[in-house]
Amino acid sequence: MERTEQAPVPAPTPPPRTTEPAAVRMSQRVLDQVHAFLVLLTERPVSLYAAAMLRIGYGLLYLVFLLREFPHRDEIWGPGSPWTPALARQMFDQSGWVSVLTLSDSRVYFEVCYAVALVTCALFLLGWRTRAMSVLFAVVVVSFHARAIFMADGGDNLMVLMAVYLVFTACGRRWSLDARRTRLQASAGKTAGRLGGGLRHQLDDARIILITVLHNCGMFVIAAQVCFLYGCAGLYKVQGVKWGDGTALHYILNIDLFRPWPELSQMIDGHHVLIAVVGYLTVLVQVAFPFVLFGRLKYPVLVLLLGMHVNIAVVMGLPIFSGAMIVADAVFLPDRFYRAVGRLWRRTVQRTGGTAAGASSGTAPAAVPSQPRPAS
Amino acid sequence: MNVKESQRTDAEPAAQDGGGGPRMTHDISGPPRLLTAGTGAAVALCLAVALAHVLLVFLHVAPPNAISKAYSRQIDAWVRPVFEQNWRLFAPNPQWVNRQISARTKRTAPDGTTRVSGWIDLTVRDNSAVKHNVFPSHTAQNMLRQAWNAYLKTHGGNDEPRSHRAVMIEKYLRNIAADRVAAQRGGTFDSIQLRVITQPIPAPRAAGGFRPAAAASTRAETRYLPWWKVSSHGTD
């Protein structure tokens, strides 16, 4: 209101007595906003629960993926793959990818790498020494992806990106063994660090600021990445004739390799109107995604996307792909949602097993008093 | 910021006192100027890198345009390989063909006579591995399919490889086929041939307004690849 009234008064020759305070106020307001932004950027790590959910989600997905492909591991990543280590190395020279898996052609080395990868995924998902594990996890995901570059689909591609981005986030602050350790230390009255004054204290402050900034930038990049994903997927579909005339789903439902339940696919394929509606809705939701994130409308859109991906998982037999997309979508849920989920989880754990709950509360945010200090 | 500003003003006399050297005796006061400046620079760097990354990824995924053409080298240098991405999922149009890939093998006896095997359907194996499977393997859904897509991309309609990449893909496809034939049927062979039948998925049946005229385009196409020498197979 004030701004619109003051705006047409530029600052000509008459002494701008009345405009000066307004200009000052306006610049003050801009400064305040910049200030607020800087405080947020440097002091408040955003969406810590969402980051933890990403860690758990992708750690679990990759673990499940590696376990699922365990019988095929040599065929996909091993020295016996049709994409031989020699071919992979030639490709690395061209493409710039790197992989620890091609450092040796020995079968034993490969098996050790596989075991390390499984353990890494498990520890990353549990949040044990999370920062170090996140680096290791990124190395694992990149290595396995690069080694079998011609086996990957969109889900694998997304997991590589997320694994790299997660290195920069503080994804171990919630729902992790690290969080549990700090909680136990705090309840035991141990105030770690903060002892040496002066420069050490100041260095510590600077470190905390940098960690927070890195985390916030990482979360921003992740959010932007997911927006690009959907924006792209939607806008390229808009150009397609088959999406335009509403028959795209008919073709997708008839691709043999993505039709694990032919009867189900045929049944859906029989409903022309349904197929057209779902096809249009898919394009609409994907294109709209980046624009609805800042309002209430994001919740119905996220629910629609969840439904879409669950359907893709079942009807097309792509559970890992869908899982990767669902985890990415969940980044946009606020922390209060995750806290509510956490409370609900704790309550059900307490209700289902009174005494057993104590043992299983390792990764869940257990009530502090229920955990006695171990050996301190 | 308030805290920081007060720290900065505190730090100023300290830095002047110390002459900018490493001797910082003012323990209770704010951080030394150098540290504050360093932190500020690092924060600015983080922010700049994040924004630049988002911009470069955008240019990478967007359709080619004036900016991405002008800076394609810089964009590639940053984005490839790790941030490479392609979100044209079933777009602009979903795949509208099914491919049936088969292989047969040839064995040349010491006396010069050759024996050619019958066709072995490799795709039907993948399809049956996917059927009624809640969690199909990448080996069934992606391996042969993506290898053939890569072959099409590097070779087009011509079976003569024209690039180093094309030779590599050809070897990959040959290895997949040879491994599968060896696993499925065994026996010895010294060369292998692939046959790819491309079967268009028919348009939806004429229910309420769909043209039934698409029948002409539903004819299958068959492509025979040249015989490829296989060295490492057929010993078992």
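Me: What share of the contacts in chain B with a separation of 6 or more comes from residues 24 or more positions apart?
Reply: Happy to start there, keeping in mind that this is a predicted model. The count takes in the contacts in chain B with a separation of 6 or more. Of those, the part made by residues 24 or more positions apart is 50%.

Me: Thanks! How many helices and strands does chain B have, and in what order do the elements run?
Reply: The secondary structure of chain B amounts to 7 helices and 6 strands. Reading from the N terminus, the order of the elements is α-α-α-α-β-β-β-α-α-α-β-β-β.

Me: What percentage of the residues in chain B is buried?
Reply: Chain B has 236 residues. A residue counts as buried when 20 or more other C-beta atoms lie within 10 Å of its own. In chain B the buried share is 24%.

Me: Is Arg73(B) buried or exposed?
Reply: Arg73(B) sits in helix 4 (residues 72-79) of chain B. Around Arg73(B) there are 8 other C-beta atoms within 10 Å. The cut-off for an exposed residue is 12 or fewer, so Arg73(B) is exposed.

Me: And how far apart are the C-alpha atoms of Arg73(B) and Gln141(B)?
Reply: Along the chain, Arg73(B) and Gln141(B) are 68 residues apart.

Me: Let's turn to the two chains together. Which helix of chain B gives the most to the side that touches chain A?
Reply: In this pairing, 62 residues of chain B are in contact with 68 residues of chain A. Helix 2 (33-61), helix 5 (123-130), helix 6 (138-155) and helix 7 (164-185) of chain B each supply at least two residues of that side of chain B. By class, the side has 36 nonpolar, 17 polar and 9 charged residues. The helix that gives the most, with 12 residues, is helix 2 of chain B.

Me: Which residues of helix 8 of chain A make the contact with helix 3 of chain A?
Reply: Helix 3 of chain A passes helix 8 of chain A in a left-handed crossing. The contact has 8 nonpolar, no polar and 1 charged residues. Helix 3 of chain A brings Leu54(A), Arg55(A), Tyr58(A), Leu61(A) and Tyr62(A). From helix 8 of chain A come Met159(A), Met162(A), Ala163(A) and Leu166(A).

Terms used. Residues are numbered from 1 along each chain as its sequence is written. Chains are lettered from A and ligands numbered from 1 in the order in which they are written. This is a predicted model: local features need pLDDT of at least 70, side-chain atom pairs count only at pLDDT 80 or more; totals for chains, interfaces and linings use all residues. Two residues are in contact if their C-beta atoms, placed from the backbone, lie within 7 Å. Helices (H or I, at least four residues) and strands (E, at least two) are DSSP runs, numbered from the N terminus. Ala, Val, Leu, Ile, Met, Phe, Trp, Tyr, Cys and Pro count as nonpolar, Asp, Glu, Lys and Arg as charged, and the others, Gly among them, as polar. A crossing is left-handed if the near helix is turned anticlockwise from the far one by less than a right angle, and right-handed if clockwise.
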